[in-house]
Amino acid sequence: MSYAIQAEGLVKRYGNMVALDGVDLEVPVGKVIGVLGPNGAGKTTTVRILATLMRPDGGRATVGGYDVMKDPVRVRGLIGLTGQYASVDESLSGRENLVLLGRLLDMSKRNAKARAVELLERFELVDAADRPISTFSGGMRRRLDLAASLVGRPQVLYLDEPTTGLDPHARNEVWEVVRRLVADGTTVLLTTQYLEEADQLADRITVFDHGRVVAEGKPGELKRRVGGQTLQVRPTLASDLDEVGRILAELTGAAPARDLNTGLLTVPVADPMLVSALVRRLDGAGVAVDELGLRLPSLDEVFLALTGRPAEESKRNTQQNPIAERNVA
Ligand SMILES: Nc1ncnc2c1ncn2[C@@H]1O[C@H](COP(=O)(O)OP(=O)(O)OP(=O)(O)O)[C@@H](O)[C@H]1O
Ligand SMILES: [Mg+2]
C-alpha cells in the first residue's frame with residue numbers, strides 16, 4: 001500500500017508543555033483519515049507539522065514520500081491546508097482572494113483567473129464572487145476557505161476542524177465538498193471534535209487525547225471495540241416501562257438505562273440471540289413496543305470508554321481565534 005502521509009513518534013513541546021507525545025499516523029493515498037480529539041489534544045499541532053509550518057522536536061514524517069523537515073518545499077507543493085481559523089483576506093472579494101493565491105503560486109494571470117472561476121463554480125459561490133468576504137455567511141466563508149486551499153490542486157489536503165461553528169446545513173455542504181474531493185482522488189486528513197463528522201467522512205479514525213493516540217481503526221471497528229451492542233426498546237405505553245425494565249434486567253443481568261423523555265430503555269448486550277428471547281417474553285407479558293433493536297455503540301460512547309470523559313465536555317471553546325492562520329496551498 002502506498003501512503004500519502006506517514007508519521008512516526010512525533011513529539012512537540014511548548015516549553016514544559018508536551019503537546020505531542022509520540023504520535024504515529026499512516027494515511028493511504030486517496031483515503032480520508034479523521035483525527036478526533038478534544039480541545040488541546042494536539043490536532044492542530046500535528047497538522048502544522050505535516051504542513052511544514054512547524055518543526056517537531058522528535059520523530060519524523062513524510063508526505064508523498066518527502067520528509068517534512070528535509071524537503072519542506074516539495075511537501076508544500078503537494079499539500080493544501082484549510083486552517084482552523086479563516087485564512088482569506090476580508091477586504092477582498094472571493095474572486096480576488098482566489099486569483100491572488102493563484103498568482104502567489106506562480107500561475108499566469110490568465111490561469112489564476114480561470115482557476116478562480118472553476119473553483120467559484122464548484123463551490124457555488126459564483127453569485128457572491130465579487131462581494132467582499134465580510135458579507136459572507138459562515139458557510140460561504142468555509143467554502144471559500146476550502147476553495148482557497150485547492151487553488152494549487154493539492155494531492156493531500158489538511159482540513160483542521162472544517163465545520164466547527166457551522167450550522168447543520170452548512171456542515172452538510174462542507175461534507176459534500178469533501179466527498180467530491182475524495183472521489184477525485186485527493187487524500188484528506190481531517191481533524192474534528194465531532195464524532196459524527198469522523199463517522200460520516202473518514203475511512204479510518206485516529207483518536208487523540210493529551211498528545212497521544214489512544215485508539216485507531218475504522219469507525220465500525222472503534223464502535224465494536226467498546227464491546228457488544230446496545231439493545232433499545234421503547235414500550236408503546238409508558239406504564240409498561242417498569243415491566244420491560246424488569247424483563248431486560250433478568251435477561252441481560254444488567255440494569256437498563258431509561259430515558260424518560262423518549263421512553264427508551266437501553267442496555268448493553270453481549271449475545272444478539274437475546275433479542276428473540278426478549279420478543280417471546282414481551283409477547284408473553286402482553287407488552288406492545290414501538291421500537292426494538294440492536295445498534296453498535298455511538299462514537300460518543302466509544303470516546304467515553306476510551307478516555308473516561310464524555311466527548312461533549314470537549315465541545316466548548318469554539319470561538320474563532322483573531323490570529324489568522326496562513327494558507328499554504
Ligand atoms: N504556540 C503555543 N504555545 C504554547 N502552547 C501551545 C501552543 N500551541 C498549542 N499549544 C498547546 O499545545 C496543546 C495542543 O494544542 P493544539 O492546538 O494542537 O490542540 P488541538 O487538538 O488543535 O485543540 P483545539 O481543538 O482546541 O483546536 C494544547 O495544550 C495547547 O494549549
Ligand atoms: Mg486545533
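**Helix H4 and its surroundings**

Directly after helix H4 comes Glu 124, a residue whose phi is positive, near 50 degrees. The model is a predicted one, and the points below should be read with that in mind.

*Helix H4*

- Helix H4 takes in residues 109-122, which makes 14 residues, and from its first C-alpha to its last it reaches 20 Å, close to the 20 Å that is expected at 1.5 Å a residue.
- The residues Arg 115, Ala 116, Leu 119 and Leu 120 of H4 are buried, and because the buried residues fall within an arc of 135 degrees when seen down the helix axis, they line one face of H4.
- In an α-helix there are 3.6 residues a turn, so residues three or four places apart point the same way.
- On the face of H4 that is turned away from its buried side lie the exposed residues Arg 110 and Glu 121.

*The shell around ligand 1*

- Ligand 1 is surrounded by 13 residues, of which Tyr 14, Ala 19, Lys 43, Thr 44 and Thr 45 are the closest.
- Strand S2 (17-28) and helix H1 (43-50) each supply at least two residues of this shell, and the largest share, three residues, comes from H1.
- By residue type, the shell around ligand 1 is made up of four nonpolar, eight polar and one charged.

*Confidence of the prediction*

- The protein chain has a mean pLDDT of 87, with 92% of its residues reaching 70 or more.
- Among the elements of the chain, the lowest mean pLDDT (73) belongs to helix H11 (residues 299-307), whereas the highest (98) belongs to strand S4 (residues 58-63).
- The pLDDT is below 50 over residues 314-329, a stretch that has 37 contacts in the model beyond near neighbours in sequence.

*The chain as a whole*

- The protein chain contains 11 helices and 14 strands, and its C-alpha atoms fill a box of roughly 80 × 45 × 35 Å when this is taken along the principal axes.
- The chain has 329 residues, and 40% of them count as buried.
- When contacts between residues at least 6 apart in sequence are considered, 70% of them join residues at least 24 apart.

Conventions. Residues numbered from 1 in each chain as written. Chains lettered and ligands numbered in written order. Predicted model: local features only at pLDDT ≥ 70, side-chain atom pairs only at ≥ 80, totals over all residues. Helix = DSSP H or I, 4+ residues; strand = E, 2+ residues; numbered from the N terminus. Expected span 1.5 Å × (residues − 1). Buried ≥ 20, exposed ≤ 12 C-beta atoms within 10 Å, placed from the backbone. Arc of directions from axis to C-beta. Near = placed C-beta within 6 Å. Nonpolar A, V, L, I, M, F, W, Y, C, P; charged D, E, K, R; others polar. pLDDT = per-residue confidence, 0-100. Contact = placed C-beta atoms within 7 Å.
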